[in-house]
Amino acid sequence: MEIFWVLGIPLFGGFALAVYGKHRHAPEFNSAVSFCTFTAAAMLTARVITGGPFSAWGEQFFVDAFNVFLVALTAFVGFTTSLFSRPYMRIEQHHGKLSANRLRLYYSMYQLFSFTMLLALLTNNMGILWVAMEAATLTTVLLVSLYRTPASLEAAWKYFILCGVGIAQALFGTILLYFAAEKVLGAGGTALLWTHLNAVKTDIEPTVLSLAFVFLLVGYGTKVGLAPLHNWLPDAHAEGPTPVSAVLSGLLLNVALYAVVRSKVLADGALGTHFAGDLMMGFGLLSVVMAAFFLARQKDVKRMFAYSSIEHMGLMTFAFGMGGPVATFAALLHMTVHSLTKSAIFFAVGHAAQESGTQLMEHIRGLIKTSPTVGWGLALGTLAILGMPPFGVFTSEFMIITTAMHNYPWSMPFLLAALGVAFAAIFGRMQLMVFGETSGRRLPHPPALLPVFAHLALVLLLGLWIPPYLAAWYRQAAALIG
């Protein structure tokens, strides 16, 4: 029943807002729907914690410690982003950037985007997972192109083409997976159910499954933003509305990586080697190094933090590729703190760009004077994402680096050099934006900064102390991933 509410509420909200999204209380309704989705996700999480994994609706849906953790994170960040978007989108309308019809499109697609992500996380069917990821692409294309400027249309077109090509590779990988599985499970829908595949993974033809994993990694890796498949991501973040940047960076990339990790579990069982992990480590390390050096060349603040997202998704992919209890625990923790921190940064960046009238960093100065809360939010968020103690990003990065140092010492020069370059590039820009001289303007509506500091408080808590039940949750998920 909880699954019905988690999926049904945002689906209903999307259709309702498509009809009534021009109403002046549409932002409040959008937040209310997101809050109800979060409440339903919390109930689902409580059921899994107390009762363990379960299937539903003819085994088409499956919930365990791994995906319910991401469902709770997705619903929470979706709710806080909806709170942030209330004043933000009203300011955009006040500045003449959006009409009432565009706002209706934004609110309806926001809820449908949440629905597609939650469907991808909860489905047990690898075919429905592919459909949900494709639907997420289509909804976000409309969100990225919301402003209808030449740059936003170009970014949306690039996003659609590159992710369309990538998702086609994932479809071919899914077909190969079915081809390999039907010889063991027989023809029919059960050959694509992940729980059935996981039960017989040691009996599946390894050659076909290894080929399937390559296509799945390339396909879903495009959505993760792994290099060299990342070109859509900086443009989509820079040209779309800031709330869309927050959920793209904080949520959609996690969902795509979730699909890769589910596929890796099957490949590891069938092959009995570290083939899948080695591929993930290679793509992850390349992403970390590439993104770090591109960071130093950016002039647009949202593009800079988009490359930061590529860097951190590469780090997570590298950690999942290493495998083992510590690295997997650290990757799950890094998923959590990165989603919370990066969305908080985009919240602060969105209001900073509105105050300055530009996203160019050279024109964003002195936030601490024009809006101290925005300035401090950006400063603390930047320090957190750079891995400064005592924030949670430091904890997860420390665990990943120490595990790599022990098991794969050859990777350390690349990791440390990339993290050092990223730190210098982002920290230097942040200082000028927060503490420099300014001529910024005041905003016509007070910004929503409660989500910024709520996220950062949680990241700080996870750096100082991980609650025992949350640590046990991560360990269970790490054991499921293997």
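Predicted model: local features only at pLDDT ≥ 70, side-chain atom pairs only at ≥ 80, totals over all residues.

User: Okay, helices α5 and α6: are they roughly parallel or antiparallel?

Analyst: Helices here are DSSP runs (H or I, at least four residues; strands are E, at least two), numbered from the N terminus. The axes of α5 and α6 cross at roughly 175 degrees and come within 9 Å, the axes being lines fitted to C-alpha atoms, for helices over the stretch in contact, with angles from 0 to 180 degrees between N-to-C directions. Angles under 35 degrees count as roughly parallel, over 145 as roughly antiparallel, 65 to 115 as roughly perpendicular and the rest as oblique. So α5 and α6 are roughly antiparallel.

User: Which helix gives the largest share of the nonpolar surface patch?

Analyst: The patch consists of L138, W157, F160, I161 and V165, with about 470 Å² of accessible area together (Shrake-Rupley method, 1.4 Å probe, only the protein chains shown counting as cover for residues). Patch residues have over 30% relative accessible area and no salt bridge; like charges are joined within 9 Å, nonpolar side chains (Val, Leu, Ile, Met, Phe, Trp, Tyr) within 5 Å. L138 sits in helix α5 (residues 126-144). Four residues, the largest share, come from helix α6.

User: Is L138 buried or exposed, or partly exposed?

Analyst: Buried means under 20% relative accessible area, exposed over 50%, and partly exposed in between (1.4 Å probe, protein chains only). L138 has a relative accessible area of 41%, so L138 is partly exposed.

User: What does A155 touch, leaving aside its neighbours within four places in sequence?

Analyst: A155 is in helix α6 and is buried, with a relative accessible area of 3%. Its C-alpha atom is separated by 8.3 Å from that of G240, 85 residues apart along the chain. With contact taken as heavy atoms within 4.5 Å, the partners of A155 are V144, D235, A236 and E239.

User: And T80, which residues does that one touch?

Analyst: T80 lies in helix α3 (residues 65-94). The relative accessible area of T80 is 5%, so T80 counts as buried. Not counting residues up to four places away in sequence, T80 touches F347, P451 and H455.

User: How far apart are the closest N and O atoms of D235 and R303?

Analyst: D235 is buried, with a relative accessible area of 14%, while R303 is partly exposed at 22%. The two form a salt bridge, and the closest N and O atoms are apart by 2.4 Å.

User: Which residues are linked with R90 in a network of salt bridges?

Analyst: The side chains of E28 and R86 meet at 3.1 Å, N to O. E28 lies in helix α2 and R86 in helix α3, so this pair ties together parts 58 residues apart in sequence. The residues networked with R90 are E28 and R86.

User: Which residue does a cis peptide bond join to P390?

Analyst: Most peptide bonds are trans. P390 lies in the loop between α15 (372-385) and α16 (392-407). There the cis bond, with omega about 10 degrees, joins P390 to P389.

User: Last one: what is the phi of R148?

Analyst: Most residues other than glycine have a negative phi. W57 has a positive phi of about 55 degrees although it is not a glycine. R148 is in the loop between α5 and α6 and is partly exposed at 33%. Its phi is also positive, near 60 degrees.

Definitions and conventions: Residues numbered from 1 in each chain as written. Heavy atoms only, no water. Salt bridge = Lys/Arg side-chain N within 4 Å of Asp/Glu carboxyl O.
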